[in-house]
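Student: Can we go through this one together? I'd like to see how each label gets decided.

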Amino acid sequence: MYHRDIDTPWGTLCLTEEDGALTLIRWDDTGRQDDTPLLREAAAQLTAYTQSRLKTFDLPTRVPKGLQAAVCAAMQAIPLGETCTYGEIARQVGASAQAVGQACGRNPIPIVIPCHRVLGAAGLTGFSAPGGVETKVALLRHEGASTAQGGFLI
């Protein structure tokens, strides 16, 4: 397992690589700067994203199987600058909106797998990053999201 920290406008992120795939991104400053081709590429793509030069991540990722994998795939299909609801994803994957919300909260690779683009039917909901909903809003504003959800314009 290899780790690399990267500073972003939303805090320091620790990227974790395991067996040639990105398996975890967490808000943490580990002080580690392991040097692998994948971690260098992931850091470069995240930097390009923070500078609005990247619209889609192209990195090998690995997430738990089952519903978690289905929800992560649905989140990855949400284009930059757009949002969808837990209910919309629930219909796609054949699960309840609550189960989808729980899977979003367990997303192991935030930003690259854009759980911040998923909203509740009535608007913003929680976000597992430090800063919570404020960080979610900051990411959506960075992406130029202009979707009105529940009367809240992002």
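Student: Why is Gly 120 called buried?

Tutor: Its relative accessible area is 7%, and buried means under 20%, with exposed over 50% and partly exposed in between, using a 1.4 Å probe and protein chains only. So Gly 120 counts as buried. Keep in mind that this is a predicted model, where local features need pLDDT of at least 70, side-chain atom pairs count only at pLDDT 80 or more, and totals for chains, interfaces and linings use all residues. Residues are numbered from 1 along each chain as its sequence is written, and side-chain values use heavy atoms, with hydrogens and water left out.

Student: Where is Gly 120 placed?

Tutor: Gly 120 is in the loop between β5 and α5. Those names come from DSSP runs numbered from the N terminus: helices are H or I runs of at least four residues, strands are E runs of at least two.

Student: What makes Trp 27 and Phe 127 an edge-to-face pair?

Tutor: Rings of Phe, Tyr and Trp (its six-membered ring) pair if their centres lie within 6.5 Å; planes under 30 degrees apart are stacked, over 60 edge-to-face, and the rest tilted. Here the centres are 6.2 Å apart and the planes are at 80°, so the pair is edge-to-face. Trp 27 sits in strand β3 (residues 21–27) and Phe 127 in the loop between β5 (118–119) and α5 (133–142), so the pair ties together parts 100 residues apart in sequence.

Student: Are those two buried or exposed?

Tutor: Trp 27 is buried at 18% relative accessibility, and Phe 127 is buried too, at 12%.

Student: What makes Thr 135 count as buried, and what does Thr 135 touch?

Tutor: Thr 135, in helix α5, has a relative accessible area of 9%, so it counts as buried. Contact means heavy atoms within 4.5 Å. Not counting residues up to four places away in sequence, Thr 135 touches Trp 10, Trp 27, Phe 127, Ala 129 and Pro 130. Its side chain also reaches the backbone oxygen of Pro 130 at 2.6 Å.

Student: How do you know that the reach of helix α1 is close to what's expected?

Tutor: The expected span is 1.5 Å times one less than the number of residues. Helix α1 (residues 37–50) has 14 residues and reaches 20 Å from its first C-alpha to its last, close to the expected 20 Å. Its buried residues include Leu 38, Ala 42 and Tyr 49. Their cover includes β1 (2–8), β2 (11–18), β3 and α5.

Technical notes. A polar contact is a pair of N or O atoms within 3.5 Å; within protein, one must be able to donate a hydrogen and the other to accept it, and residues adjacent in sequence count only if both atoms are side-chain atoms.
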